[in-house]
Amino acid sequence: VPDVGEDPATGSAAAAFAAVVFRFDALTEGEHVMRIEQGHEMGRPSLIIMEAVVRANALKAVRIGGHAVRVSKGTMTV
């Protein structure tokens, strides 16, 4: 297995990433659509579309979209 410095797509991380972009890129009022591409080097390419909505100087909504393919399945008993 080659040592690859990236992960496959993670929608939950993309939602948190919106807050980072809002804070450090100073998103202006309105709707901002961004493309997040990852997984190419590991052979599992993905595209996540992230929409951040800014109202009254605050991040009011984040929408994450894309398509998914199940690569594994499991159960957990607690």
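**Note on strand β2 and its surroundings**

1. Strands β2 and β3 pair in the antiparallel sense over seven bridges. Two strands are said to pair if DSSP finds at least two bridges between them. Strands are DSSP runs of E with at least two residues, helices are runs of H or I with at least four residues, and both are numbered from the N terminus. Within this pairing, I49 stands opposite G65 in β3, and the bridge partner of M50 in β3 is I64.

2. A word on the model. It is a predicted one, in which local features need pLDDT of at least 70 and side-chain atom pairs count only at pLDDT 80 or more, while totals for chains, interfaces and linings use all residues. Residues are numbered from 1 along each chain as its sequence is written, and side-chain values use heavy atoms, with hydrogens and water left out.

3. On its other pairing, β2 is joined to β1 in the antiparallel sense over nine bridges. One of the bridge pairs is E31 with V53 in β2.

4. How many of the ten residues of β2 are buried? Seven are, so the strand is largely enclosed by the rest of the structure. Buried means under 20% relative accessible area, exposed means over 50%, and partly exposed lies in between (1.4 Å probe, protein chains only).

5. E51 is a residue of strand β2. Is E51 buried or exposed? E51 counts as buried because its relative accessibility is 17%. Residues up to four places away in sequence aside, E51 touches E31, H32, V33, A61, V62 and R63. Contact here means heavy atoms within 4.5 Å.

6. The largest nonpolar core has ten residues: A14, A18, V21, L27, M34, I36, I48, M50, A52 and V54. At least two residues of this core come from each of α1 (11–25), β1 (30–38) and β2. The biggest contribution, four residues, is from β2. A nonpolar core is a set of buried Ala, Val, Leu, Ile, Met, Phe, Trp, Tyr and Cys residues joined through side-chain atoms within 4.5 Å. In soluble globular proteins, nonpolar side chains tend to be buried together. With neighbours within four places in sequence left aside, A18 is in contact with M50, L59 and V62.

7. A56 is found in the loop between β2 and β3, and has a positive phi near 50 degrees. The hairpin formed by these strands has two residues between them. A56 counts as exposed because its relative accessibility is 66%. A26 lies in the loop between α1 and β1 and has a positive phi of about 50 degrees although it is not a glycine. A26 is exposed, with a relative accessible area of 56%. Most residues other than glycine have a negative phi.

8. The largest pocket holds about 390 Å³ of space. Of the 16 residues that line it, A9, S46, H67, A68 and V69 are the closest to its centre. A pocket is an open set of points on a 1 Å grid over the protein atoms alone, where a 1.4 Å probe fits, with protein on both sides within 12 Å along at least five of seven lines; lining residues have an atom within 4 Å of a point. Its volume is the space filled by probe spheres set on the points.

9. Which strand gives the largest share of the lining of the largest pocket? That share, three residues, comes from β2.
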